[in-house]
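The following note comments on the strand pairing, the helix packing and the nonpolar cores of the model shown below.

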Amino acid sequence: MRSAFYDFNFNECEILKPLNLREFVIIKHESGCDLVDESIEEFIFADCVKNFSELTVSESNNLFDGLNIKDEIIKSLKIIIKGYNESTDSINFDLDKINLNAPYRYAITSNGFEMSMTLNEKADRVIDFLRSIECSFDDGCKHDVLIYINDEILCSNANCDKKVQDEDSFTHAK
């Protein structure tokens, strides 16, 4: 059995998921970083022992669970993530869940992610697509996620309620 030994407590380190290496984790501590995969079976910290599956608790959040869409047919979809950082955050989605009428467009800015789609799709298929979206945020509480469906704003995260009142700070779907 392969083991990794650490002279610090588990709660003193940060477990990160590399953006493009799903089968790896980074164990980050002020003394340095380790990039490890599942070939290490035991992680022995000063205060506890963990296995690889305990380290890979997903930081991904499905932000769109419980979403209700009132329209039967969706013509446009826009997703905005304020606070998105392309060097530490990631977003994945399954485009096979929906039929696009035109190529989708996205933009990553210094403080956000924005994706726009033109559709002619039933609401349940759009919900399936939204549920396929997995976001991994370095610090989730600093992100506001907004979606526009048929040019109407909807929210998906708890912080969003405060921001919807100030819609002028966001780009509207056209």
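1. Strand E5 (residues 42-44) runs antiparallel to E6, and two bridges join them. Within this pair, Ile44 has Val49 of E6 as its bridge partner. Strands are DSSP runs of E with at least two residues, and helices are runs of H or I with at least four residues, both numbered from the N terminus; two strands pair if DSSP finds at least two bridges between them.

2. The model is predicted: local features need pLDDT of at least 70 and side-chain atom pairs count only at pLDDT 80 or more, while totals for chains, interfaces and linings use all residues. Residues are numbered from 1 along each chain as its sequence is written, and side-chain values use heavy atoms, with hydrogens and water left out.

3. E5 and E6 belong to an open sheet of three strands, ordered E1-E5-E6, with mixed pairing. Strand E1 (3-5) and strand E6 (49-50) are the edge strands; each has a single partner strand, so one side of each lacks a neighbour in the sheet.

4. Strand E3 (residues 24-29) pairs on two sides of the discussion. Three bridges join E3 to strand E2 (residues 14-16) in antiparallel fashion, with Leu16 bridged to Ile26. Six bridges, again antiparallel, link E3 to strand E4 (residues 32-37), where Leu35 is the bridge partner of Ile26. E3 and E4 form a hairpin with two residues between them.

5. Which residues of helix H2 (residues 123-132) are buried? They are Ala123, Val126, Ile127, Phe129, Leu130 and Ser132; buried means under 20% relative accessible area, exposed over 50% and partly exposed in between (1.4 Å probe, protein chains only). Their cover includes strands E8 (73-82), E9 (90-92), E11 (112-122), E12 (134-136) and E13 (144-149).

6. The largest nonpolar core has 24 residues, of which Ile69, Leu77, Ile79, Ile81, Phe129 and Leu130 touch the most other members. E8, E11, H2 and E13 each supply at least two residues of this core, and the largest share, five residues, comes from H2. A second, separate core of 13 residues includes Ile27, Ile40, Phe43 and Leu55. Such a core is a set of buried Ala, Val, Leu, Ile, Met, Phe, Trp, Tyr and Cys residues joined through side-chain atoms within 4.5 Å.

7. Ser76 lies in strand E8 and counts as buried because its relative accessibility is 14%. Leaving aside residues up to four places away in sequence, Ser76 is in contact (heavy atoms within 4.5 Å) with Met117, Leu119, Tyr148, Ile149, Asn150 and Asp151.
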